[in-house]
Amino acid sequence: MSPTVKWVLGALVGLPLMCCGCGGMWFKSQFPYDEALARVTNHPSVIKSLGAPVSGAFFFSGNTRSRNDDAVAEMKIDLSGSKQNAVLEVRAVQTSKVWGFSRLRVVPRNGDVINLVGGP
């Protein structure tokens with residue numbers, strides 16, 4: 001394969017990945033993604049259920065509604081551990097650019113529910 005063909009193929013593959021990566025970073029900044037994972041991945045109940053190490057998926061589903069400096073975000077983030085996988089359900093409210101959680105719930109594959117913030 002010629003160097004020109006390799007360059008073109010690299011650009012065709014690399015450019016969309018680069019754009020998605022940058023868009024993903026910008027998109028995540030609108031959500032309390034990092035704060036939610038920080039609270040959950042080191043929590044003793046979550047580690048006991050999922051098995052260490054616990055990590056969150058890079059991509060997640062969610063929506064946000066904002067008005068001025070206030071916002072409401074809802075997310076579902078896939079979690080993985082050495083024993084089993086789970087979904088982290090998040091509901092957060094932002095006031096004056098500070099996020100607070102009204103729901104932080106881990107739902108492992110075995111059906112157990114671990115409420116870290118909020119109720120059922």
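Colleague: Does Q84 count as buried or exposed, and at what relative accessibility?

Modeller: Buried means under 20% relative accessible area, exposed over 50%, and partly exposed in between (1.4 Å probe, protein chains only). Q84 counts as buried, because its relative accessibility is 15%. This is a predicted model, in which local features need pLDDT of at least 70 and side-chain atom pairs count only at pLDDT 80 or more, while totals for chains, interfaces and linings use all residues. Residues are numbered from 1 along each chain as its sequence is written, and side-chain values use heavy atoms, with hydrogens and water left out.

Colleague: Where does Q84 lie, and which residues are in contact with Q84 beyond its neighbours within four places in sequence?

Modeller: Helices (H or I, at least four residues) and strands (E, at least two) are DSSP runs, numbered from the N terminus. Q84 lies in the loop between strand 3 and strand 4. Contact means heavy atoms within 4.5 Å; setting aside neighbours within four places in sequence, Q84 is in contact with S49, L50, P108, R109 and N110. A polar atom of the Q84 side chain lies 3.1 Å from the backbone oxygen of S49.

Colleague: How many bridges join strand 3 to strand 4?

Modeller: Two strands pair if DSSP finds at least two bridges between them. Strand 3 and strand 4 run antiparallel and are joined by 10 bridges, and the two form a hairpin with 4 residues between them.

Colleague: Which residues have the most contacts inside the largest nonpolar core?

Modeller: A nonpolar core is a set of buried Ala, Val, Leu, Ile, Met, Phe, Trp, Tyr and Cys residues joined through side-chain atoms within 4.5 Å. The largest one has 23 residues, and M75, L79, L88, V90 and V106 have the most contacts inside it. Helix 2, helix 3 (44-50), strand 3 (70-80), strand 4 (85-95) and strand 5 (98-108) each supply at least two residues of this core. Strand 3 gives the largest share, 5 residues. Beyond residues up to four places away in sequence, V90 touches A36, A73, E74, M75, F101, R103 and L104.

Colleague: How many aromatic pairs does the structure hold?

Modeller: Rings of Phe, Tyr and Trp (its six-membered ring) pair if their centres lie within 6.5 Å; planes under 30 degrees apart count as stacked, over 60 as edge-to-face and the rest as tilted. The structure holds 3 aromatic pairs. F31 and F60 form an edge-to-face pair, at 5.2 Å centre to centre with 80 degrees between the planes. F31 lies in the loop between helix 1 (3-28) and helix 2 (33-41) and F60 in the loop between strand 1 (55-56) and strand 2 (61-67), so the pair ties together parts that are 29 residues apart in sequence. F31 counts as buried at 4% relative accessibility, and F60 counts as buried at 16%.

Colleague: What is the mean pLDDT of the chain?

Modeller: pLDDT is the predictor's confidence in each residue, from 0 to 100. The mean pLDDT of the chain is 81, and 73% of its residues reach 70 or more. Over residues 15-27 the pLDDT is below 50, and this stretch has 4 contacts in the model beyond near neighbours in sequence. Where pLDDT is low, the predicted coordinates should not be read in detail.

Note on methods:
A polar contact is a pair of N or O atoms within 3.5 Å; within protein, one must be able to donate a hydrogen and the other to accept it, and residues adjacent in sequence count only if both atoms are side-chain atoms.
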